[in-house]
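Below are some notes on the model, point by point. Please read them with the structure open.

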Amino acid sequence: MKIQCLIVDDEPPARELLVSYIEKMDDLEITGQCGNALEAFAFIQKYPVNILFLDIQMPRMNGLELIKSLQERPRIILTTAYREFAVEGFELDVLDYLVKPISFERFLKSISKYHQYNVLKQPAAVENKEEAFEKAYMYFKVNKELVKIFLKEIVYIESIKDYVRIVMPGKSVITYQRIGYMEEKLPETKFVRIHKSYIVSVDKIVSYNNEEVNVQSISLPIGRNYKQQFLRILSV
């Protein structure tokens, strides 16, 4: 099943940009486009929507008013030229807040957040969460390219100052990112931080003791400040 996307914006060029981005993604599908919030409200009552790309400043009813009117909400990504609505948007539990003009790289980060949401937040059965994890991925900027990495392939992550090295079987990539950000975004049932410089995949752990963790023939140290949390997670 593809992810159903609804675009709501009163400016045709803004809709066209998002259409061009969505059409580049194999797992996304445009289920509809609306030029105002009232039209979108009626559409959502009739058709399935997984992601709502929603402008804020529109005539008659703005985007935030639309969110408040929905009893059952899809995951919402706000798209706006106005930064001042960010706080109110996140208070309404939106998935992300994109400021125009929207780059493709920033769009991809929002889609990654959607996949992370499926793994972390949905009150789904265990088997459904496992299925979601199998499909979950993130994009990382490596040199001048955006590289798609499936979370299930990650063995461990190593901090290198302001960069991280993401290690997978037979390969690794280095990207400009803090390890604290990775710890926050990765599903806590699947990844555990064992050291100020290391996050490991729980599924890839072969053995461990009080001092180190073995992941696929590689031994990584357990930091003193992370030992208690690590042992608690592994004992569940």
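1. In this predicted model, strand 1 (residues 3–8) and strand 3 (residues 51–55) run parallel and are joined by four bridges. Within this pair, Ile7 of the chain stands opposite Phe53 in strand 3.

2. The pairing belongs to an open sheet of five strands, whose order is 2-1-3-4-5 and whose pairing is parallel. Strand 2 (28–34) and strand 5 (96–99) are the edge strands, each pairing on one side only. From one strand to the next the twist averages 20 degrees.

3. Helix 1 (residues 12–22) packs on this sheet and touches strand 1, strand 2, strand 3 and strand 4 (75–80). The direction of helix 1 makes about 165 degrees with that of strand 2. Helix 2 (residues 37–46) lies across strand 1, strand 2 and strand 3, and runs at about 130 degrees to strand 2.

4. Leaving aside residues up to four places away in sequence, Ala37 touches Val8, Met58, Met61, Asn62 and Leu66. The C-alpha atom of Ala37 is separated by 27 Å from that of Glu105, 68 residues apart along the chain.

5. The peptide bond between Lys100 and Pro101 is cis, with omega at about -5 degrees. Pro101 sits in the loop between strand 5 and helix 5 (104–120), and strand 5 is an edge strand of the sheet described above.

6. Lys161 is placed in the loop between strand 8 (156–160) and strand 9, while Ser217 is placed in the loop between strand 14 (212–215) and strand 15 (218–221). Lys161 has 77% relative accessibility and therefore counts as exposed. Ser217 is likewise exposed, with a relative accessible area of 71%. The cut-off for exposed is over 50%.

7. A nonpolar patch on the surface is formed by Ile160, Tyr163, Ile174 and Tyr176, which together have about 400 Å² of accessible area. Of these, Tyr163 lies in strand 9 (residues 163–168). Tyr163 counts as partly exposed because its relative accessibility is 39%, which falls between the cut-offs of 20% and 50%.

How values were computed. Residues numbered from 1 in each chain as written. Predicted model: local features only at pLDDT ≥ 70, side-chain atom pairs only at ≥ 80, totals over all residues. Heavy atoms only, no water. Pairing = 2+ DSSP bridges. Helix = DSSP H or I, 4+ residues; strand = E, 2+ residues; numbered from the N terminus. Axes fitted to C-alpha atoms, helices over the stretch in contact; angles between N-to-C directions. Contact = heavy atoms within 4.5 Å. Patch = residues over 30% accessible without salt bridge, like charges linked within 9 Å, V, L, I, M, F, W, Y side chains within 5 Å. Areas by Shrake-Rupley, 256 points an atom, 1.4 Å probe, with all protein chains shown as cover. Salt bridge = Lys/Arg side-chain N within 4 Å of Asp/Glu carboxyl O. Buried < 20%, exposed > 50% of the residue type's maximum accessible area, 1.4 Å probe, protein only.
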